[in-house]
Amino acid sequence: MKFLLAGYFGFGNFGDEAILKYAIDILRYYYKNSEITILTQNTLYAKKILGVNGIYRFDMKNVIKGIKNCDYLIFPGGSVLQDVTSVKSILYYLLLV
């Protein structure tokens, strides 16, 4: 099973990174042979620290490829559908959906 996780990951925000880590732990527990990929600002962190595949969040060609190749697109938490920080933020996440 292939999971793609999307959120505000790789920016060093403690809350978002904690949600991501918990989501990865839960997926690994219940789906032991799954492939986990995240959309992130920091693909090196994804691979070296979290042990998952990372797609640079603004590399839209690979983001679209990742969405097409996954079985499940998951938004693990946080306030991704908001326009407080920027209208671009809500447009980005709506585009993913």
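Helices here are DSSP runs of H or I with at least four residues, strands are runs of E with at least two, and both are numbered from the N terminus. With that settled, E17 sits in helix 1, and that helix is where I'd like to start.

Quick housekeeping first. This is a predicted model, so to speak, with local features needing pLDDT of at least 70 and side-chain atom pairs counting only at pLDDT 80 or more, while totals for chains, interfaces and linings use all residues. Residues are numbered from 1 along each chain as its sequence is written, and side-chain values use heavy atoms, with hydrogens and water left out.

Okay, helix 1. It covers residues 14–30, 17 residues, and reaches 24 Å from first C-alpha to last, close to the 24 Å expected at 1.5 Å a residue; the expected span is 1.5 Å times one less than the number of residues. At its start, a side-chain oxygen of N13 comes to within 3.1 Å of the backbone nitrogen of G15. That's a polar contact: a pair of N or O atoms within 3.5 Å, where within protein one must be able to donate a hydrogen and the other to accept it, and residues adjacent in sequence count only if both atoms are side-chain atoms.

Which residues of helix 1 are buried? D16, E17, L20, A23, I24 and L27. Buried means under 20% relative accessible area, exposed over 50%, and partly exposed in between, with a 1.4 Å probe and protein chains only. Looking down the axis of helix 1, those buried residues fall within an arc of 125°, so they line one face; the arc is taken from the directions from the helix axis to the C-beta atoms. On the other side of helix 1, F14, Y22, Y29 and Y30 are exposed.

And what's covering that buried face? The cover includes strand 1 (2–5), strand 2 (35–40), helix 2 (43–50) and strand 4 (72–74). Not counting residues up to four places away in sequence, E17 touches Y8, F9, G10, F11, G12 and Y45, contact being heavy atoms within 4.5 Å.

Now the strands. Two strands pair if DSSP finds at least two bridges between them. Strand 1 and strand 2 pair in the parallel sense over four bridges, with K2 partnered by E35 in strand 2. The chain gets from strand 1 to strand 2 through helix 1, and that β-α-β crossover is right-handed, that is, with the strands pointing away from the viewer, the path from the first strand over the helix to the second runs clockwise.

Four bridges also join strand 2 to strand 3 (residues 53–56), again parallel, and T40 stands opposite Y56 there. This time the chain crosses through helix 2, and the crossover is right-handed. Helix 2 has N42 as its N-terminal cap, with a side-chain oxygen 3.3 Å from the backbone nitrogen of L44. After helix 2 comes G51, with a positive phi near 70°. Strand 1 also runs parallel to strand 4, joined by three bridges, and L5 stands opposite I74.

Last, two loop residues. S34, between helix 1 and strand 2, is buried at 19%; a polar atom of its side chain lies 2.8 Å from the backbone oxygen of Y31. C70, between helix 3 (60–69) and strand 4, is buried at 16%. Leaving aside neighbours within four places in sequence, C70 is in contact with K2 and L4.
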